Amino acid sequence: MGRVVIDVMPKPEILDPQGKAVVGALARLGFAEFADARQGKRFELEVDGEVDAEVLERAAEAARTLLSNPVIEDVVAVRAAD
Amino acid sequence: MRIGVVTFPGSLDDRDALRAIRIAGGTPVPLWHGDAELHKIDAVVLPGGFSYGDYLRCGAIARFAPLMREIARLAGPPDATAPGLPVLGICNGFQVLCESHLLPGALVRNDHRHFVCRDQRLRVEGTKTAWTNGYTDGEEIVVPLKNGEGGYVADDATLDRLEGEGQVVVRYLGVNPNGSYRDIAGISNASGSVVGLMPHPEHAVEAGYGPETAGAEIAGRGGPGDGTDGLRFFTSALQGVLSA
């Protein structure tokens, strides 16, 4: 069983209200050294066999098609799980 | 004139949209997202709600429903100058239209992170669309607004193009309720056949059940919930279909 991990993040120029809420809560809890936070998504896709280049290319296609919206998000990583 | 309303799993305002079409004088046609064909409709409404629980992103999964593929095919590309099937996306329907790339941009979580629900003042700036031809340019209207992820975003080039081509259909007046760029509440495609907006015109179609209007507090004019400013979205579509 292989697993592909895909990370999707909001684009830097798009306001990230969830990240803003997180950084605000961190500051209130004393984690004031963290000046900013952005919140993204991690997907784990399982395949029956090995994760090879072809599987990674298909996963990248799935990330572009469904898992991310290119208007507001970037796919920052498509990789085999450790 | 047959106007369809697509029900997705999690749609909430499909019944209100069907009712608005009936009050406007059209024949409402309930459609199911899993249908393969559109049952000879002349126009279609994508209603508000939370299709697929807003999982992944609002509208992201509804976009791939069998019926949405057919609607996208008949609506045509967003930059086409010849009008295709008239489509109105309200709230979640607007999100579905953006996810489907039938309209540019995207809707993100409100900048203040709160769900907003109120009677909203709007200015109608685009009156050449299939859904707003019954309004006058610059007319101010009041319809309910209720969303958690209603912030309209797009890159500057897209925003400039929308403004330049007259594709900003409605704009928020007063306090921006959700952080939408340039106070944009609704837009159209290039031909004006496809319109998406976050506010809910289908909730302002019958006196006594609509929003409060400016006239409501003036003696002798209007009354509680007398706002019917949304009705002309639906009568506009009927007019457009008749003259087509």
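User: What makes E10(B) and strand E11 of chain B a pair?

Analyst: Happy to walk through it. In this predicted model, three bridges join E10(B) to E11 (residues 194-197), and the two run antiparallel. Pairing asks for at least two bridges, so the two strands pass. One position to look at is B:Ile187, which stands opposite B:Gly196 in E11(B). Between these two strands the hairpin has five residues, where B:Gly192 takes a positive phi near 85°.

User: Why is E10(B) called mostly covered?

Analyst: Strand E10 spans residues 184-188 of chain B, and five of its five residues are buried.

User: B:Leu56 and B:Cys91 both have a positive phi without being glycine. Is B:Leu56 buried, exposed or partly exposed, and how do you know?

Analyst: B:Leu56, with a phi of about 70°, has 17 C-beta neighbours inside 10 Å. Buried needs 20 or more and exposed needs 12 or fewer, so B:Leu56 counts as partly exposed. You will find this residue in the loop between strand E3 (43-46) and helix H2 (66-75) of chain B.

User: And what about B:Cys91: buried, exposed or partly exposed?

Analyst: B:Cys91 has 29 C-beta neighbours inside 10 Å, and the cut-off is 20, so B:Cys91 counts as buried. Its phi is about 55°, and its place is the loop between strand E4 (87-90) and helix H3 (92-99) of chain B.

User: Which residues touch the most other members of the largest nonpolar core?

Analyst: They are B:Val44, B:Val87 and B:Leu97, in a core of 71 residues. Helix H1 (residues 14-24) of chain B gives the most to this core, with five residues. Leaving out residues up to four places away in sequence, B:Val87 touches several residues, including B:Val44, B:Leu46, B:Ile71 and B:Leu97. There is also a second, separate core of seven residues, with A:Val4, A:Val8, A:Ala59 and A:Ala63 among them.

User: How many residues are in contact between the two chains?

Analyst: Nine residues of chain A are in contact with 13 residues of chain B. On the chain A side, helix H1 (residues 17-28) gives the most, with three residues. By class, that side has seven nonpolar, two polar and no charged residues.

User: How do you know what confidence the predictor has in chain B?

Analyst: The mean pLDDT of chain B is 93, and 94% of its residues reach 70 or more. The model scores ipTM 0.88 and pTM 0.93.

Key
Residues numbered from 1 in each chain as written. Chains lettered and ligands numbered in written order. Predicted model: local features only at pLDDT ≥ 70, side-chain atom pairs only at ≥ 80, totals over all residues. pLDDT = per-residue confidence, 0-100. Helix = DSSP H or I, 4+ residues; strand = E, 2+ residues; numbered from the N terminus. Contact = placed C-beta atoms within 7 Å. Nonpolar A, V, L, I, M, F, W, Y, C, P; charged D, E, K, R; others polar. Core = buried A, V, L, I, M, F, W, Y, C linked by C-beta atoms within 7 Å.
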